[in-house]
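Please look at the sequence and the structure below. The report that follows describes how the chains meet and how some parts are built.

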There are 2 protein chains.
Amino acid sequence: MNNPTLKLRRVAIDTYHENVAYLHRECAVYRAEGFQALSKILISANGQRILAVLNVVDDAAIVTPTELGLSEQAYEQLNAHADCVIKVDHAEPAVSMDAVRRKIDGERLTLDDFEAITRDIAESRYSKMEMAAFLVATGQNSLDRDEVYYLTRAMLDTGQRLNWGELLVVDKHCIGGIPGNRTSMLVVPIVAAHGMLIPKTSSRAITSPAGTADTMETLAEVNLSPGKLHDIVRKHRGCLAWGGTAKLAPVDDMLIAVERPLGIDSRGQMVASILSKKLAAGSTHLLIDIPVGPTAKVRHMRAALALRKLFEFVGDQLEIHLEVIITDGRQPIGRGIGPTLEARDVMQVLENDPNAPADLRQKSLALAGRILEFDPDVRGGQGYAIARDILDSGRALAKMNAIIEGQGARAVDFTPGQFCHEVRAGRSGVVTGIDNLQMAKIARIAGAPMDKKAGVDLMRKTGDAVAEGDVLYRVYAEFMSDFEFVRKLIEQNNGYTIGEKVDIKRYDAFI
Amino acid sequence: MNNPTLKLRRVAIDTYHENVAYLHRECAVYRAEGFQALSKILISANGQRILAVLNVVDDAAIVTPTELGLSEQAYEQLNAHADCVIKVDHAEPAVSMDAVRRKIDGERLTLDDFEAITRDIAESRYSKMEMAAFLVATGQNSLDRDEVYYLTRAMLDTGQRLNWGELLVVDKHCIGGIPGNRTSMLVVPIVAAHGMLIPKTSSRAITSPAGTADTMETLAEVNLSPGKLHDIVRKHRGCLAWGGTAKLAPVDDMLIAVERPLGIDSRGQMVASILSKKLAAGSTHLLIDIPVGPTAKVRHMRAALALRKLFEFVGDQLEIHLEVIITDGRQPIGRGIGPTLEARDVMQVLENDPNAPADLRQKSLALAGRILEFDPDVRGGQGYAIARDILDSGRALAKMNAIIEGQGARAVDFTPGQFCHEVRAGRSGVVTGIDNLQMAKIARIAGAPMDKKAGVDLMRKTGDAVAEGDVLYRVYAEFMSDFEFVRKLIEQNNGYTIGEKVDIKRYDAFI
């Protein structure tokens, strides 16, 4: 119905990935239409249409009976002004939910089904509940490899796709789960210094203590307009930007916002998520890093191999040159966990600081070397040596500084958070294990990634001998409340196991 | 952390079945704790603890940086006052989500698992997304019959349980899906007039055009305090009240609020939902009505029989005397669809009005007859005749009037909505089918159940001969916007099929 008297109002509430509309209980439209709280409504104005969950308001200070309130996200999406003629309707349930229900029944879905589902998700036709239903229905191993391909293609088709106009556009991606492990910030300057195009966009942390975008942000701006990002990539052959501004595979972002809090693991969704994002970003050649370890996302080599095959199958269907590297994921990589501490590690490696964490350097060189071998002019097996030359010569550092300048440098300050707690060995022996999940949790509760300077600094790694009372790691927090909370957490489980001896494979050999 | 400066504030927003907390973006607690929008927080005050989803506010008119805002439901649940010392913490994810993830993996869950899940749901530890994950994981036929029993018992154990102190407490329940079909409002007065205890509580419509509580509400108060409900039942041997005030199987209500919008059908959840509610209400003997038809919830006799076995198995485990009746669900029962029109039908039957819908009378007598036979003094096969005597003699009407008086009579007004649209036959022939789903949708879009007088009044039923231009049914609406919307809907599909002849079984024979 047309409601010329209903005025649009921006309600300054951040409802994250869900559009919320606010109608006063006495609003004529609300009463007339028989809307219910939590039912979904369709709002049209100015040629735009959005869907929103309805909240009913009893306070005219929030919205009056003649106003339609929209949460910040919804208001921006609708992109209308207060005096637009607004139309409010019952939202029909998304038709593609029929396909989701068929999937729940155990049916195999077609490309058309996946296209319909991703289109409806992109248009905000799915509630969080419906997205959760889709994720559970397609979770675990309920998608066969053709369906994973269909889902990937459908997610790719719902967003923009960049075209860099070059034959070789490289990227790397780690499936995640290993604290520290900030290899992208080393791989990008090395590969770009070689002259290959590596327009790297990264995510912010959702459940981890830092994403590459969070860590890079301590050194430079990462929130770049598409135009500026393009200029930087053209000029420097690489960038380290936040991927949220480009509208690449937007359905992926929406699903991730539901999937992560649910803690559902699904190989199929992981593959579709990664590949749709990378293809949308215009990559032609992609290196995937799958860390394996008892507290990593992938816990056994056979699972890593199955995942590799799935990546390869879908990558081949979508005509991206894809290689998978299986790495040691038995403990964090580097020393720092949390944006500032990780950025310090990265810069130490780039500066060839003798104190730089060797594992981070080695792993980054191995990954960069594999990417360099995508270059037809690089002889097979020579990538690692070239990468090492670029790093040792300072060319990688120079490239990183150029990228930082290009994106907009920030004042460098590696001082960690003001509150420091030292965690010490309760006995003498050898560090036999460091729990990735627990260390990530400790850094997160300490305040990372929101408090950039919060996190964990590891003094001992697996295989190191320790005497009773030696510092295993330091925890930094910015706020006393977090500090007290994290100390309690560490009392329960400090993440380290100390034993008599450990037979750890060397990283070089493993990689 | 303790925040003596954080004041509690009731934010007058109705967020339905989800607790929402509002913190200002500049609030010291929000900044310090590193909360994220949509993350779940634990709020403690005055010895009470609640969980809530966090929304971040940028407008001090809604909450100031020194306030913690709570949506209406959350505020009531916390039951604290503005000056309480409030504690805000990160909410740990519900531990029982591990069991949900195991179910997603295809594992069989134990009674302990189900108890942990329902306890967490009852304590608001599950987000809507997590409930959706649980529903999908346990949906379709993924629960075996033992698991359905465990789920029923777990749902029963999370709420209060009434004890009427009598050996015979009867109830009936229809699995739903058939518009009209207001048999409870006839069965209760007949059975109560016989002297059996039938304390009937009903739900309001969620996705249908009317629940028994919505229809009864046109005649009497249905929102009764537990004390008043008890008094009425003691005095009149029966009632027709809304079940929402008693805290019976509260997890069932919470799951239904997620399940219905998702449109997920699950035999296991349906059985657990119905039986947990009835057992919590103190029933000892229960009659379940399963309508079967091409547009009913159960579409084939073999599915109805399988569902009957499942009801019987779980009922026996929980020691309730349970009988299942399979009825004709091929079209709506009675003439009216929508609260006022259905109430009119019911009163016509009670008043032995010659125009009363025969199918509603017949079905109600059949159901009442079966319930009367729960009485050890009633000879097998005599229930129907006794029920008919009670109805024909006016004793059922007298009982209904006494119950209406007891609950609080409302002024009777069966005038339907002000806007009326007549739907006419496009050809001559015989009505060969009436689509339950489409008729329910038409009544709902017309405004039912929120607008009591909105709905559909059927002039022709399956098997009736029609001439071109005859009125098939009338649609009533209270508001012009609904009226226009429903007319468009009817143009697409008016729900009737007209053909040459139909070979419909007589209801008596079918039941």
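## The contact between the chains

The contact takes 45 residues from chain A and 45 residues from chain B, two residues being in contact if their C-beta atoms, placed from the backbone, lie within 7 Å. This is a predicted model, in which local features need pLDDT of at least 70, side-chain atom pairs count only at pLDDT 80 or more, and totals for chains, interfaces and linings use all residues. Residues are numbered from 1 along each chain as its sequence is written, while chains are lettered from A and ligands numbered from 1 in the order in which they are written.

Helix 5 of chain A gives the most to the side of chain A that touches chain B, with seven residues. Helices (H or I, at least four residues) and strands (E, at least two) are DSSP runs, numbered from the N terminus. The residues on that side of chain A divide into 26 nonpolar, nine polar and ten charged. Here Ala, Val, Leu, Ile, Met, Phe, Trp, Tyr, Cys and Pro count as nonpolar, Asp, Glu, Lys and Arg as charged, and the others, Gly among them, as polar.

Strand 6 of chain A pairs with strand 3 (residues 13-14) of chain B in the antiparallel sense over two bridges; strands pair if DSSP finds at least two bridges between them. Val56(A) stands opposite Asp14(B) in strand 3 of chain B.

## How the copies are related

## Helix 9 of chain B

Leu229(B), Ile232(B), Val233(B) and His236(B) are buried in helix 9 (residues 226-236) of chain B. A residue is buried if 20 or more other C-beta atoms lie within 10 Å of its own, exposed if 12 or fewer, and partly exposed in between, with C-beta atoms placed from the backbone.

The face of helix 9 of chain B turned away from its buried side carries the exposed residues Gly227(B), Arg234(B) and Lys235(B). Just after this helix, Arg237(B) takes a positive phi of about 70°.

## A sheet in chain B

Four strands of chain B form an open sheet in the order 14-17-19-15, with antiparallel pairing. Strand 17 (residues 455-458) and strand 19 (residues 471-477) of chain B are joined by four bridges.
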